[in-house]
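Please open the model in your viewer and keep the selection tool at hand. The stops below move from one part of the chain to another, and each says what to select and what is there.

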Amino acid sequence: MTGYLGDANTANLLQNPSWDAEVLFRYLMSPRLALKTNFYVGGLRGNSEQMTNVFPDNANFKFSTTFYELSELFEFNFFNYGIGESYRKLKRITPYITAGLGLTGWKVADHGGLSFTIPLGIGVKFKPSLRWNLGLEFLMKKTFTDKLDGPQLADPIGIKSSFMKNTDWYSTLTFTVSYEFSQRCAVCNYKD
């Protein structure tokens, strides 16, 4: 599920939810740390008629787009994540935080664009078996553009964009299923 915050929706992230799909590759650096490469495709929608704010001349704007995102994220697990290797005190479930950099492309009303993004988020991973993982992740993605919702909404009230002001954000809430291809460590009979 995706959400959008920008000129056509300034307050409610769940106002016009849409869809997303993800393909991921995760490199496990340790039971606590991982690097994850994501490729997302999803929809974003907004409608300024649903807002309490009023644009000049009572103008209303509505948009819908499909975005494509490639991102690299760093994950920090709160617990040592895994199965087996009891001496490492591995847990089958762990919450985690994640952050990284991404590049997002989109097209609205015959105008397309690319923007760098900063994805920030939280999630939880569960290991039902030795190689399978289930996850639920929520990411907020800050874009460096005010044109994600189309060229008409780039500056509808005449306030120039800056790093933190008048730029578009979007979110993804994704359920994941992943499989570990890496070689498993030999069982160690270490005792405390």
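A nonpolar core is a set of buried Ala, Val, Leu, Ile, Met, Phe, Trp, Tyr and Cys residues joined through side-chain atoms within 4.5 Å. Keep in mind throughout that this is a predicted model.

Begin by selecting Tyr4, Ala8, Tyr40, Leu44, Phe63, Phe67, Leu73, Trp106, Val108, Leu139, Leu148 and Tyr170, the 12 residues that make up the largest nonpolar core. Strand E3 (33–47), strand E4 (62–77) and strand E5 (93–108) each give two or more residues to this core, and E4 gives the most, with three residues. In soluble globular proteins, nonpolar side chains tend to be buried together.

Next, show the strands as a cartoon and follow the open sheet, in which eight strands run in the order E1-E8-E7-E6-E5-E4-E3-E2 with antiparallel pairing. Strand E1 (2–5) and strand E2 (20–28) are at the edges, where each has a single partner strand, so one side of each is left without a neighbour in the sheet. From one strand to the next, the twist averages 25°. To look at one pairing, select E5 together with strand E6 (residues 111–126), which pair in the antiparallel sense over 14 bridges, and then find Ile93, which stands opposite Phe126 in E6.

Now select Ala34, which is in strand E3 and counts as buried because its relative accessibility is 1%, under the 20% cut-off. Its contacts beyond four places away in sequence are Arg26, Tyr27, Leu28, Met29, Leu73, Phe74 and Glu75. Of these, Glu75 is 41 residues from Ala34 in sequence, yet the two C-alpha atoms are 5.1 Å apart in space.

Stay with Glu75, which is buried, with a relative accessible area of 0%. Which side chain meets Glu75 in a salt bridge at 3.1 Å, N to O? Select Arg26, whose side chain forms that salt bridge; the pair links distant parts of the chain, with Arg26 in strand E2 and Glu75 in strand E4, 49 residues apart. Lys36 also meets Glu75 in a salt bridge, at 3.4 Å, N to O, and this pair joins strand E3 to strand E4 across 39 residues.

For the last stop, select Lys141 and Glu69, whose side chains meet in a salt bridge at 2.8 Å, N to O. Lys141 lies in strand E7 (residues 132–143) and Glu69 in strand E4, so the pair ties together parts that are 72 residues apart in sequence. Both Lys141 and Glu69 are buried.

Note on methods. Residues numbered from 1 in each chain as written. Predicted model: local features only at pLDDT ≥ 70, side-chain atom pairs only at ≥ 80, totals over all residues. Heavy atoms only, no water. Buried < 20%, exposed > 50% of the residue type's maximum accessible area, 1.4 Å probe, protein only. Helix = DSSP H or I, 4+ residues; strand = E, 2+ residues; numbered from the N terminus. Contact = heavy atoms within 4.5 Å. Pairing = 2+ DSSP bridges. Axes fitted to C-alpha atoms, helices over the stretch in contact; angles between N-to-C directions. Salt bridge = Lys/Arg side-chain N within 4 Å of Asp/Glu carboxyl O.
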